[in-house]
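Good morning, colleagues. Please bring up the sequence and the structure so that we may go through them together.

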Amino acid sequence: MGVSVDIEFYLTDEYKNATSDGKKEVFAQFVSVMKENYQYAKSKGLNYVICVPTFLDSLDVAKLEELIKDGCDYVQVMNYTKASEVTYIKKEGELARKYNKSIETIAEVQAPNEEKSVTDEITFYNDGLDACINKFKEIGNQYNYSKLGYSYHYYEPLIELLGNKID
């Protein structure tokens, strides 16, 4: 039993309007809060799962390491660029392995939608689930880590791709 959080701090005006150093500070604040939340969850006997984008290693790799080491039991990575999915989780995978944490790569399966910034470059919707599953296999072969999992973003388009309609 546990808690899974997806707090997209990088979508806030504070982050978007910040300088490079300011963005690092917003990320540092996020890491601090996640560490506090993790300790609280542990005190209640709960697992704590965080969901992060792939670019945090380019923002501040030391803070990413701190987040994975001291801020979660399990990390989910929104790995939404089809052409680079294997390489975009390299650092997160290394850190998960180093600290014996579970990691999950998440593929985008929503239909392309410009308003939501979902393009063919990131979604497997038009490629189909077989292409997505093949990418998962490629990732698995590259990292060969028993605590690496896979998932889809999100339920409704996945059901649609499986040939079922949601009413």
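Predicted model: local features only at pLDDT ≥ 70, side-chain atom pairs only at ≥ 80, totals over all residues.

Why does the radius of gyration of the protein agree with that of a compact globule? With 167 residues, a compact globule would have a radius of gyration near 15 Å, and the protein has 16 Å, which agrees. The radius is taken over C-alpha atoms, and the globule rule is 2.2 Å times the number of residues to the power 0.38.

Residues are numbered from 1 along each chain as its sequence is written, and side-chain values use heavy atoms, with hydrogens and water left out.

Let me begin with the overall form. The C-alpha trace spans about 40 × 40 × 35 Å along its principal axes. The protein has seven helices and five strands, where helices (H or I, at least four residues) and strands (E, at least two) are DSSP runs numbered from the N terminus. Their order along the sequence is β-α-α-β-α-β-α-α-β-α-β-α.

Of the 167 residues, 43% are buried; buried means under 20% relative accessible area, exposed means over 50%, and partly exposed lies in between, with a 1.4 Å probe and protein chains only. The protein exposes about 9300 Å², of which carbon and sulfur atoms supply 48%. Among contacts (heavy atoms within 4.5 Å) between residues at least 6 apart in sequence, 71% join residues at least 24 apart.

I turn now to the aromatic rings. How many aromatic pairs does a search of the whole structure find? The search finds nine. Rings of Phe, Tyr and Trp (its six-membered ring) pair if their centres lie within 6.5 Å; planes under 30 degrees apart count as stacked, over 60 as edge-to-face and the rest as tilted.

One of these pairs is Y10 with F55, which is edge-to-face at 5.3 Å centre to centre, with 85 degrees between the planes. This pair links distant parts of the chain, 45 residues apart: Y10 is in the loop between β1 (2–5) and α1 (13–16), and F55 is in the loop between β2 (47–53) and α3 (56–70). Y10 counts as buried because its relative accessibility is 12%, whereas F55, at 29%, is partly exposed.

Another pair, F136 and Y150, is tilted, with 4.9 Å between centres and 35 degrees between the planes. Here F136 belongs to helix α6 (residues 129–143) and Y150 to strand β5 (residues 148–153), 14 residues apart. F136 is buried at 6% relative accessibility, while Y150 is partly exposed at 35%.

Ring pairs also link F9, Y10, Y15, F27, F30 and F55 into a cluster. Within that list, Y15 has K23 lying over its face, at 4.7 Å from the ring centre. The rule requires NZ of Lys or CZ of Arg within 6 Å of the ring centre and within 35 degrees of the ring normal.

Finally, the cysteines. How many disulfides are there? The count is zero, a disulfide being a pair of cysteine sulfur atoms within 2.5 Å. The sulfur of C51 is 11 Å from the closest cysteine sulfur, in C72, and is therefore too far for a bond. C51 is buried at 7% relative accessibility, and C72 is buried at 0%.

Definitions and conventions
Areas by Shrake-Rupley, 256 points an atom, 1.4 Å probe, with all protein chains shown as cover.
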